[in-house]
Amino acid sequence: MDETIINGINTVWVLLGAFLVIFMQAGFGMLEAGFIRAKNSSNLIMKNFIDFCFASMVFFLVGYAFMFGNGNSIIGFSGFLLLDAPNQSGIPLYAFVLFQAAFAGAAATIVAGAVAERMKFKVYLIYSVILSAFIYPVVGHWIWGGGWLSQIGFTDFAGSTVVHTVGGSSALIAAYLLGPRIGKFNKDGSPNILAGHNIPMAALGTFILWFGWFGFNAGSTLAVGDGELISLIALNTCLAAAIGGITSMLAVWGRWGKPDLSMTMNGILGGLVAITAPCAFVSPGAAIIIGALAGIFVVYGVVWVEKFCVDDPVGAVAVHGVNGIWGTLAVGIFGQKALGLAQEGLIFGGGFTQLGIQLFGVLAVVSFCIISMGIVFKIIKSTVGLRVDKMEELKGLDIGEHGIDSYSDFQLFLTK
Amino acid sequence: MKLIIAYIQPEKLTDVKQELYAQEVYKLSVTNALGCGQQKGFHKFYRGVEEEVTLLKKVRIEIAVNDNFVDRTINAIVKGAQTGTIGDGKIFVLPLEKCIRIRTGENGNDAIG
């Protein structure tokens with residue numbers, strides 16, 4: 001077929017993926033705002049909008065250069081403002097940049113939920129610029145930009161590590177340094193419920209994320225090919241999400257007696273996060289196993305995070321951190337050479353080689369994020385301060401930070 | 001018997017409840033209320049336009065107590081709700097003629113306790 005038409009189809013495919021990933025911002029916004037109290041929901045949506053605005057800008061200015069520029073194995077250093085930017089994607093530069101910028105925005109916005117209801121808006125702005133301009137592109141360079149992790153054979157197809165582990169581990173260190181919301185933990189360390197104010201809205205967000213995830217994963221092929229691979233990826237993505245919802249529902253049901261909707265939605269997202277790295281290298285059967293375990297990891301991850309008195313209002317650490325790691329490891333367990341992985345995974349007789357590389361790589365990324373974001377937040381803490389004051393937190397950040405009610409005309413009842 | 005009515009800042013409700021519990025006052029009714037006192041409302045900005053808000057959100061607490069509980073109830077509310085800034089609220093104490101518990105038909109002091 002005519003080369004131009006093939007290129008055109010591939011470009012349309014990647015652009016469609018980019019549009020879907022951008023739409024995931026709406027999913028994150030609805031999910032996270034629904035999972036927190038009404039008095040802080042405008043603040044959360046504001047963070048959601050503005051981190052994507054910043055991610056788009058800084059990824060264009062410097063992020064792409066750090067991530068895909070020519071440089072060393074640690075960081076790229078050419079193509080600032082896309083001037084003479086290298087492009088090995090096989091599709092037009094601008095389409096590739098848009099797709100990647102959407103990913104940077106997703107990584108940044110994951111943290112919004114974990115720090116919700118108490119972080120100063122100003123601090124969030126500083127954080128989100130640093131993450132999308134530097135932290136995310138550096139990790140991306142290591143794995144997708146020809147850096148040292150890709151050189152040792154580390155494989156992350158669509159971003160369990162690059163996007164979700166980066167977001168999840170940054171969320172963990174941020175929530176830890178920020179401290180829990182007032183009233184979240186009792187003196188003995190046992191957690192209280194600070195219930196989300198709009199679960200149907202969170203459910204809409206979850207569906208939007210599920211829908212957008214097809215662009216996230218299947219778009220990452222950067223080419224349509226004969227259609228085989230993108231079909232496999234789309235099916236794997238759907239199966240992992242579906243079974244993640246089922247197993248998390250069962251786990252919650254079995255442990256606490258009721259099939260909890262909010263945890264089921266987290267399970268669906270956990271399945272999606274986990275299948276992101278291995279989606280191109282595993283069979284649908286393996287995708288079901290990966291998603292099934294992800295749904296269970298989410299439930300226990302949420303409980304585990306609270307054991308350390310870390311307050312993560314939307315479960316971002318369990319969904320993106322824990323399952324980002326699990327998805328990355330799953331490549332080394334269920335991956336197949338026949339589907340394009342460098343070595344067979346553990347259960348196909350490849351031994352521990354790939355799994356070992358995956359484990360090493362994901363631990364390196366977790367350490368990098370926790371240390372670098374830890375330093376960033378420590379500096380902010382001792383200069384600007386991380387948290388709003390107590391009265392503002394009690395009144396809600398909507399009025400305190402933005403002077404606006406999310407639900408004007410509705411009377412909010414502040415009991416917690 | 002007295003009926004104690006207090007208007008407090010909504011965000012101080014948890015603190016007030018904790019102080020009341022510490023004083024063994026467990027029974028209370030809480031409703032949302034709007035009102036204004038000395039400060040005559042406040043100004044807020046919405047999309048760059050200044051708006052005068054004359055009625056502020058408050059929480060109204062009602063507690064019916066026997067006479068020997070009046071002081072400690074008042075003290076607990078003050079302790080929990082006081083910030084020292086304008087708008088902390090007010091407490092009213094009213095005589096209470098009758099009190100009947102619907103479930104048992106009990107009357108007076110027994111019904112309150």
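These exercises, with worked solutions, cover the two chains of a predicted model.

**Exercise 1. Overall build of chain A**

Find which secondary structure elements chain A holds, and compare its radius of gyration with that of a compact globule.

*Solution.* 
Step 1. Count the elements. Chain A has 14 helices and zero strands.
Step 2. Read them in order. From the N terminus the run is α-α-α-α-α-α-α-α-α-α-α-α-α-α.
Step 3. Take the extent. The C-alpha trace of chain A spans about 65 × 50 × 35 Å along its principal axes.
Step 4. Set up the globule rule. For 416 residues, a compact globule would have a radius of gyration near 22 Å. Chain A has 20 Å, which agrees.
Step 5. Check burial and contacts. Of the 416 residues in chain A, 58% are buried. Among contacts in chain A with a separation of 6 or more, 75% come from residues 24 or more positions apart.

**Exercise 2. A helix pair in chain A**

Describe how helix 7 and helix 9 of chain A pack, and classify their relative direction.

*Solution.* 
Step 1. Two packed helices are described by the angle between their axes and the distance between the axes.
Step 2. Helix 7 (residues 199-218) and helix 9 (residues 261-276) of chain A pack at an angle of about 10°. Their axes are 10 Å apart.
Step 3. Classify. Angles under 35 degrees count as roughly parallel, so helix 7 of chain A is roughly parallel to helix 9 of chain A.
Step 4. List the contact. Helix 7 of chain A contributes residues including A:I199, A:A203, A:W210, A:W213 and A:F216. Those they meet in helix 9 of chain A include A:L261, A:M265, A:I268 and A:L272.
Step 5. The contact residues of the two helices divide into 12 nonpolar, four polar and no charged.

**Exercise 3. The setting of A:A316**

Decide whether A:A316 is buried or exposed, and find what it touches.

*Solution.* 
Step 1. Locate the residue. A:A316 is in helix 11 (residues 316-334) of chain A.
Step 2. Apply the cut-off. A residue is buried if 20 or more other C-beta atoms lie within 10 Å of its own. A:A316 has 32 C-beta neighbours inside 10 Å, so A:A316 counts as buried.
Step 3. List the partners. Leaving out residues up to four places away in sequence, A:A316 touches A:I110, A:V111, A:G113, A:A114, A:G168 and A:A171.
Step 4. A:M265 is 51 residues from A:A316 in sequence, and their C-alpha atoms are 12 Å apart.

**Exercise 4. Overall build of chain B**

Repeat the analysis of elements and radius of gyration for chain B.

*Solution.* 
Step 1. Count. Chain B has three helices and six strands.
Step 2. Order them. The run from the N terminus is β-α-β-β-β-β-α-β-α.
Step 3. At 113 residues, a compact globule would have a radius of gyration near 13 Å, but chain B has 17 Å.
Step 4. Take the box. The C-alpha atoms of chain B fill roughly 55 × 25 × 20 Å along the principal axes.
Step 5. Check burial. Buried residues make up 20% of chain B.

**Exercise 5. The sheet of chain B**

*Solution.* 
Step 1. Pair strand 2 with strand 5 (residues 56-65). These strands of chain B are antiparallel, over seven bridges. One of the bridges joins B:G35 to B:L56.
Step 2. Pair strand 1 with strand 5. In chain B they run antiparallel, joined by seven bridges. B:K2 has B:V65 as its bridge partner in strand 5.
Step 3. Pair strand 1 with strand 6. This pairing in chain B is antiparallel too, over seven bridges. Here B:K2 stands opposite B:P95.

Technical notes. Residues numbered from 1 in each chain as written. Chains lettered and ligands numbered in written order. Predicted model: local features only at pLDDT ≥ 70, side-chain atom pairs only at ≥ 80, totals over all residues. Pairing = 2+ DSSP bridges. Helix = DSSP H or I, 4+ residues; strand = E, 2+ residues; numbered from the N terminus. Axes fitted to C-alpha atoms, helices over the stretch in contact; angles between N-to-C directions. Parallel < 35°, antiparallel > 145°, perpendicular 65-115°, else oblique. Contact = placed C-beta atoms within 7 Å. Nonpolar A, V, L, I, M, F, W, Y, C, P; charged D, E, K, R; others polar. Rg over C-alpha atoms; globule rule 2.2 N^0.38 Å. Buried ≥ 20, exposed ≤ 12 C-beta atoms within 10 Å, placed from the backbone.
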